[in-house]
Amino acid sequence: MSGNIELLNTTLAAAKAADRAALIAYLPAGFPTVDGGIEAVKAVVAGGADIVEVGLPHSDPVLDGPVIQTADDIALRGGVRIADVMRTVREAYEATGVPILVMTYWNPIDRYGVERFTAELAEAGGAGCILPDLPVQESALWREHAEKHGLATVFVVAPSSQDARLATITAAGSGFVYAASLMGVTGTRASVGAQAQNLVERTRATTDIPVCVGLGVSDAAQAAEVAGFADGVIVGSAFVKAMLDAPDEAAGLAAVRSLAGELAEGVRKR
């Protein structure tokens, strides 16, 4: 079975045709439980998310700040496994029909086996992977199997990336480019900053694939600001924090659905 890279491409193209940015939500698998994580994905899509990134919880998430680290710890203590991540992708995709990507560090894939991981992700209906710590120059094996199985390979670029490096990264990637708005880890911030716009402009000079911005976006006003210059707005910590702060799972699901609705309005006010 082929993965859903084409669904990802058409979803981003449809948002562009509607003169808006896509809203991309991030949620870790297994948080607060595997079943609860699947319901959370359904809730953000019901609220207005166009695309969802499902995080594969990791014990040393170098890109992630304390909020996502806390959720990852809860998931890992609950015994989450890669099979649960695949189940999350499958059930979320079957329930919503939107593109579902997995965001993961390289080590779990390397240990699991690249062919096995890509084949199972495609079979589950996944659209691709975001790989924040996989160097492009070491990605040939991954890209070979991802392409074979119809999966996008999304690389992360940062404000520190030089123009020549940006060109190398974007030439190897597919689906979209994940532009980190600032140097640092994930988390909600008071402002996203001008660095993000400059990075998007420099990245766009090297590629025709969409450029989506993450790290720091937490409310509708920031979403609208980023939507003014990016093809997609990625929000993670704000959703996870809403779940963590809720008194129970039902309240958490209501909170993330409401937040997705506010952010979806924001990306339409670019």
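The paragraphs below begin with the sheet and then turn to the helices.

The model is predicted, so that local features need pLDDT of at least 70 and side-chain atom pairs count only at pLDDT 80 or more, while totals for chains, interfaces and linings use all residues. Residues are numbered from 1 along each chain as its sequence is written, and side-chain values use heavy atoms, leaving out hydrogens and water.

Nine strands form an open sheet in the order 5-4-3-2-1-9-8-7-6, with parallel pairing. Strands (E, at least two residues) and helices (H or I, at least four) are DSSP runs, numbered from the N terminus, and two strands pair if DSSP finds at least two bridges between them. Strand 5 (152–154) and strand 6 (156–157) are the edges; each has a single partner strand, so one side of each lacks a neighbour in the sheet. Strand 6 is joined to strand 7 (residues 177–180) by two bridges, and the two run parallel. Here V157 stands opposite A179 in strand 7.

Helix 9 (residues 194–204) lies across strand 6, strand 7 and strand 8, at about 155 degrees to strand 8. Angles run from 0 to 180 degrees between N-to-C directions, and axes are lines fitted to C-alpha atoms, for helices over the stretch in contact; contact means heavy atoms within 4.5 Å. Helix 1 (residues 5–17) lies across several strands, including strand 2 (51–55), to which it runs at about 135 degrees.

Helix 10 (residues 220–227) and helix 12 (residues 249–267) pack at an angle of about 35 degrees, their axes 7 Å apart. Helix 10 contributes A220, A223, A224 and A227 to the contact, and helix 12 contributes E262, L263, G266 and V267.
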